[in-house]
Every structure is written in C-alpha cells, then in structure tokens.
Amino acid sequence: MLSVERVSKRFGGLLAIADASLAVPQGAIVGLIGPNGAGKTTLFGVISGFLPPTTGTVAFEGADITGEEPHLRARRGIARTFQIVQPFAGLSVRENIAVGAYLRHARRAEALAQAEAVANLVGLRPMLDGSASGLTVAGRKRLELARALATEPRLLLLDEVLAGLNPSEIRDILPVIRRIRDGGVTILMIEHVMQAVMALCEDVYVLAQGRMIAHGPPQRVCEDPAVIEAYLGHGTAARLREGAHA
Amino acid sequence: MTARDLLPIVALVVLLAVVPLFASNVLLNFLFTALVVALAAQGWNLLGGFGGQFSFGQAAFFGTGAYMTAALQIRLGVNAWLAAGLGILAGAAVAWAIGFMAFRARLRGSYFALVTLAFAEVFRILANASDVTGGAAGLLIRLDPRPANFQFESRAVFAWIAIACVGAVMVLCRAIERGRFGAQLVAVRDNEDAARALGVDALATKLRAISLAGAITAAAGCLYVQYFLLINAQIGYGTWISVEALLAAIVGGVGTVLGPVIGALALHGVGELTKGFASAITGIDLVLFGLLLVLTTAFAPSGIVGSLARLTRPRTA
C-alpha cells in the first residue's frame, strides 16, 4: 500500500535519513522503532509530505506522491498524528475533530456526526464539548488520533501516540488501535513503548542514525545484534551473549 | 444556522435601523461614518480575527474600492451602482494579489502586517501622483442626487444602505463561522501544519479569506465616496482607515461576528464625546483610541463582545 524507496533527507551537512526503504502492506500494523534521533519523525515528515526528500520516492497505492502537498495526500487517504500534540486551541474538542471530518463531509451536520462517531471510538465522548486546551496529555493524544481518524484515512501514521501515557492509559488505548485496524485502516506507527510494539505490530522496521538496520517480526528484531547495539552501544550484543553463557 | 445564531444580528440591525427615523443630520453623519468604519473592520476581522492574519493595510482595499467607484463614473461615465460593484470586485482582486504574494512566501505575524502596510503606502503615493486618480487634488463626483446615481437627498437612506451592508456581512460571517470554510480558517489560524495534515489547503483558505476581506473593506470605500462625493490619497489610502479598522475589531472583539460593529460604534461614540469636551486639543480622540487599545489588550483581550459573552455564559471548566 505504502512504499518508500531509497529515501534520503539531508539538512545542510546533516544526513538525517540515508537510503531508507520500507513497505507497508494493506491491512497491517507496521512498527517503526529506533533510538532517539534516528530520523523516524523525519521519515514521517517525508511520507506525509511536510518534508521533501533529497533523493528517493514515496508511492501510495501505486501512485508516486513524492512531490505532493500534505493536504493532497490527506485527500488520498493518508493521515498522520504529531508527536508534539497540536490541538486547535480556539476550538472545542468536537470542532477540533470536525476539522478532520470536513475533508469528506462538506455539511456541518454530517461533519459533526462523524466527529461524534470518532470520539466514541477513541473514548473522547465525555470531553466533546470542552475546550481542546483543557485536555490532559492522554486526552490530547486521543484528540490527535481522533482528528486523523475523522479524515477517514486508509493509511494512518501514528507518531508516538503512547508516549507520556501511564501504563493504565496505554492498556486502555491498545484495543482502540487494534479496533481501528480491524475497521480497515492500515497503520504505520513510531513507538518507543516496546510492550505496545510487541502486542500490536506484525512487522517492525528499525531505523538507527538514518539507516534501516533491521526488518522483520518484532520478536526476531529484538534479538538482532545490530538492533541491540544501536540501542545500547557497540559490543553490547557480544557482552550480553557472554553474560548469558557465564 | 439556527434562529439563535441570527437573533443578536437581527436585534442589532433593527436597533440601528430605527435611529435614522428621528436622528438629526449631525447624528446621521456620525452614524454613517461609524458604519463605514464598522464595515472596514468587518473585513479586517474576517482575515485577522477568524484567519489570524493581521493586516495593517486595510486602506489598500478601502482606497481601491473608493477610487474605482469614483474614477469609473468620472472618466468613463459608468453608472454609479455598477461602478460600486466593480469597485468591490477590484478590492477583492487587489487583496487576492497581495495575499498570493505574501502567503506564498509564507509571511505571517508582523511580517505579513508590514507587507500589507507597505502595499497600502505604495498605493497612497501612486494615487497621489497619478493623473487617473486626480493627483493630490483627488476626485470629485458631480452632485446629482437621484437614486439611479447612488446619490440620495436624504442622509437617512445612506445610513440604511450602510446598515443593510453591515447586517449582510454579519450574516455572512455567521454562516462562515458555522460552516466548513470557517472551521478550516480557524484551524489554519491555530495551527497551520496540523490543518494541512487534515487535508486543509492552507494557501487557498487564506486567499479566500483575504479576497472576502478585501471585498468587504472595498465596499466601505464605495459607500464612503458616494456619500462624501470626494476621494483623495490621504482619505482613500491613508493609514487612518487601516488603524481604525483594526482598532474597532480589537476593541469590539476579535473573531466575533458582532465585535467589529460594536467596536466601531463604541470607538466613534467615545471619540465624539471627547471632541465635545476637549475640542481645543486636536487629535485628543486619537490619544483616547490609543488608551482604549492598551486597556483592551491588557484587561479584555477578547474585546467588548468576548467579555460580555464570558460574563453571561456559565463557565464550563
């Protein structure tokens, strides 16, 4: 469904992404993990159209969308959330979600109905009439999710929707994400919470210092020496193995 | 839109429409000028209040409307009503062009304000120098008070036309507020990147807003020139109208439907009163305007209408 081919992104002298490729098949939940500063959010920026790649291509459902504006990609069915939550502070929760819903529903009544349906799905219903700036962190994360969902996407890009949530909040939101996928939305998620990655993803890509260093089912990726070294430093994998034998 | 959305607008329009029935010529003059400023402020508010793009050059649209209306009549003998309609279109076109240059270059905040101010000043200097606009002397429309000429013996008729325009724009703003365009405009104001991610074409949204704002403010210019039958560079493109438009909107309530109208009436009311008390000091009303702006931004950032709304509505915390 989504295919990123050999994408590089250079900011002046800094090569943020080097020759990274990934593919997301229809109906999957694919994870994108990696240490801080690996370039995950930059890659999301390239996929959603906010950052033009220096080289490489992005294709969605067979069409090359590398040079397309973000709002046109949203119309095609790609929605993203932001790692740093970005509510429209002057609007209520309901109106925030409706901005997303207006993409497919021109009439106010329909857009508001869609906003309410999405709010039910992510558990924001009790907060609908409150101000968006009055939400807790967990509430804002749900709002990010709700707004993106209200555009009725086919591919959902989730940028750390679980970061900053406590364990019980994470437990509450995992089934929500699974329900979204079961509703027919393909998901690509950046996540640091490994418990969630293990529980949700069928397929995981690991980005470190701008390069894709591993790809496969989450269990196998976690045991990959290259991945362990990327997180814990050079030589760690070997030391851990020795430690296990001793 | 529901009946409750329209009720305050209808009430305000009826209240205003009664005034010309018994008002003196002095009061009518005051009312008309305040309404022209209100209309200009409504244009500013659509772009600045709902769209978050603060224009300092509303004069560019006001003057274009006024000059176009006058020049078409004088130079080409075009009917006044048609000329005014074309003046409004010209205001929208100028606004679109300025918006296209500024927004495509991603100017915002004070940079956008400065660029709009610069455009208005360029127009002022050109209008002052060009023959088409009558140079420094400006343009005088021949007095011929017939309804077909958009000129009336009675000032009350002019006041009613101005009230109708202001009322129509309030209804328009309410409709925008309650619709898709309004939601997208506010979304772009609050967070442009988040809006784009949700499929909002930020450039097109801002261009629509500035074109509408240009048309509304140009309409104020058209009314002004038909009433006073005179336009020159200082009146048409001078900074006074840019400043009064944004003052009225800010004091009245940024981003509210009634705010610019209430603000314009309040400002001009206070201005007239002080002129009455301290007529010896020229410009005392401007000093007061400045003071009111400081007080509003410091103590009632949501303006008169916003503060009243907060007082009457029970707080939901």
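Two residues are in contact if their C-beta atoms, placed from the backbone, lie within 7 Å. By that test, B:G259, B:I262, B:G263 and B:A266 of helix α12 in chain B meet B:G303, B:I304 and B:V305 of α14(B). The model is predicted. Chain A has ten helices and ten strands, while chain B has 14 helices and two strands. The points below cover each chain, the contact between them, and the nonpolar core.

**Chain B: overall form**

- Chain B has 317 residues, and 50% of them count as buried.
- Its radius of gyration is 19 Å, close to the 20 Å of the globule rule for 317 residues, so chain B is as compact as a globular protein of that length.
- Along the principal axes, the C-alpha atoms of chain B fill a box of roughly 60 × 45 × 40 Å.
- Take the contacts in chain B between residues at least 6 apart in sequence: 77% of them join residues at least 24 apart.

**Chain B: the α12–α14 crossing**

- Helix α12 of chain B spans residues 259–277, and helix α14 of chain B spans residues 303–312.
- The axes of α12(B) and α14(B) come within 7 Å. They cross at roughly 115 degrees.
- The residues of this contact divide into four nonpolar, three polar and no charged.

**Chain A: overall form**

- Chain A has 246 residues, of which 44% are buried.
- A compact globule of 246 residues would have a radius of gyration near 18 Å; the 19 Å of chain A agrees with this.
- The C-alpha atoms of chain A fill a box of roughly 65 × 40 × 30 Å, taken along the principal axes.
- Among contacts in chain A between residues at least 6 apart in sequence, the share joining residues at least 24 apart is 64%.

**Chain A: the antiparallel sheet**

- Four strands of chain A form an open sheet in the order β2-β1-β4-β5, with antiparallel pairing.
- β2 (14–24) and β5 (63–64) of chain A are the edge strands, and each pairs on one side only.
- Strand β1 (residues 2–11) of chain A is joined to strand β4 (residues 55–60) of chain A by five bridges.
- Helix α1 (residues 40–48) of chain A lies across β1, β2 and β4 of chain A. Helix α1 runs at about 120 degrees to β1(A).

- Strand β7 of chain A covers residues 155–159. Five of its five residues are buried, so β7(A) is largely enclosed by the rest of the structure.
- A:L155, A:L157 and A:D159 point one way from β7(A), and A:L156 and A:L158 point the other way.
- β6(A) and β7(A) run parallel and are joined by three bridges. In β7(A), A:L156 is the bridge partner of A:A79.
- β7(A) also pairs in the parallel sense with strand β8 (residues 186–190) of chain A, over five bridges. In β8(A), A:L188 is the bridge partner of A:L157.

**Chain A: residue A:Q83**

- A:Q83 sits in the loop between β6 (78–80) and α3 of chain A.
- A:Q83 has 17 other C-beta atoms within 10 Å. Burial needs 20 or more, and exposure 12 or fewer, so A:Q83 is partly exposed.
- Beyond residues up to four places away in sequence, A:Q83 touches A:T41, A:D159 and A:E160.
- A:Q83 and A:L207 are 124 residues apart along the chain, and their C-alpha atoms are separated by 17 Å.

**Where the chains meet**

- The contact takes 24 residues from chain A and 19 residues from chain B.
- On the side of chain A that touches chain B, the elements giving two or more residues are α2 (70–76) and α3 (93–101) of chain A.
- The residues on that side of chain A divide into twelve nonpolar, seven polar and five charged.

**The nonpolar core**

- The largest nonpolar core has 176 residues. A:V206, B:A38 and B:L39 have the most contacts inside this core.
- Helix α9 (residues 202–228) of chain B gives the largest share of this core, 15 residues.
- Leaving aside neighbours within four places in sequence, B:A38 is in contact with B:V166, B:A248, B:P260, B:V261, B:A264 and B:L265.
- In soluble globular proteins, nonpolar side chains tend to be buried together.

Definitions and conventions. Residues are numbered from 1 along each chain as its sequence is written. Chains are lettered from A and ligands numbered from 1 in the order in which they are written. This is a predicted model: local features need pLDDT of at least 70, side-chain atom pairs count only at pLDDT 80 or more; totals for chains, interfaces and linings use all residues. A nonpolar core is a set of buried Ala, Val, Leu, Ile, Met, Phe, Trp, Tyr and Cys residues joined through C-beta atoms within 7 Å. Ala, Val, Leu, Ile, Met, Phe, Trp, Tyr, Cys and Pro count as nonpolar, Asp, Glu, Lys and Arg as charged, and the others, Gly among them, as polar. Two strands pair if DSSP finds at least two bridges between them. Axes are lines fitted to C-alpha atoms, for helices over the stretch in contact, and angles run from 0 to 180 degrees between N-to-C directions. The radius of gyration is taken over C-alpha atoms; the globule rule is 2.2 Å times the number of residues to the power 0.38.
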